[in-house]
Amino acid sequence: MPELKEKYAALDEVIARHKGEPGALMPVLQEAQNIFGYVPKDVQQIIADGLGTTLAEVYGVATFYAQFSLEPKGQYVVGVCLGTACYVKGSQKVLDKLAEELDIPVGRTTPDGVFTLNATRCLGACGLAPVMMINDEVYGRLTPDMIPEIVAKYR
């Protein structure tokens, strides 16, 4: 699988470029996620070894910051806003219906790799509450009964 070899080679170059710099872990993790699309355990171990730190430290940073994903993201990333305006207008019920419809818990990806379901904070569309995004498409004024039809468009 040459593509994977190229990704690991690119990761090695990133580590070599940042090794010895103060605060190198964050930029290396960011570039690793850009290369692989997520930061799996083997990549975290390579980063730890390459930067002379522990897997625990790499894992701690990768799990502390929401920008990092430890598993591959689906083709469609679904984010349901749980900010105040959306929550008050029923976004939790929308999120629960999505979890049921996709048959995955929040924060996970469907086994076929099509959908990733996330709870988010304010999406900046409070006037349309409750709101969700599927990739770059915004859906507003949602009710749980709208979810099956919306999901069907992406299946």
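Thr143 is found in the loop between strand 4 (137-139) and helix 7; helices (H or I, at least four residues) and strands (E, at least two) are DSSP runs, numbered from the N terminus. This is a predicted model, in which local features need pLDDT of at least 70 and side-chain atom pairs count only at pLDDT 80 or more, while totals for chains, interfaces and linings use all residues. Residues are numbered from 1 along each chain as its sequence is written, and side-chain values use heavy atoms, with hydrogens and water left out.

With a relative accessible area of 32%, Thr143 is partly exposed (buried means under 20%, exposed over 50%, partly exposed in between, with a 1.4 Å probe and protein chains only). Its side chain is joined to that of Asp145 by a polar contact of 2.3 Å. A polar contact is a pair of N or O atoms within 3.5 Å; within protein, one must be able to donate a hydrogen and the other to accept it, and residues adjacent in sequence count only if both atoms are side-chain atoms. Between Thr143 and Asp49 there are 48 Å in space, C-alpha to C-alpha, and the two are 94 residues apart in sequence.

## Nonpolar cores

A nonpolar core is a set of buried Ala, Val, Leu, Ile, Met, Phe, Trp, Tyr and Cys residues joined through side-chain atoms within 4.5 Å. The largest one has 21 residues, of which Val78, Val80, Leu98, Phe115, Leu117, Met132 and Ile134 touch the most other members. At least two residues of this core come from each of strand 1 (76-81), helix 6 (91-102), strand 2 (115-120), strand 3 (132-134) and helix 7 (147-152). Helix 6 supplies the largest share, 5 residues.

Leaving aside neighbours within four places in sequence, Val80 is in contact (heavy atoms within 4.5 Å) with residues including Ser91, Val94, Leu95, Leu98, Leu117 and Met132. Another core, of 18 residues, lies apart from the largest one and has Ile15, Ala32, Val43 and Leu51 among its members.

## Ser69

Ser69 lies in the loop between helix 4 (55-64) and strand 1. Ser69 is buried, with a relative accessible area of 12%. The side chain of Ser69 reaches the backbone oxygen of Glu71 at 2.6 Å. Not counting residues up to four places away in sequence, Ser69 touches Gln33, Tyr38 and Val39.
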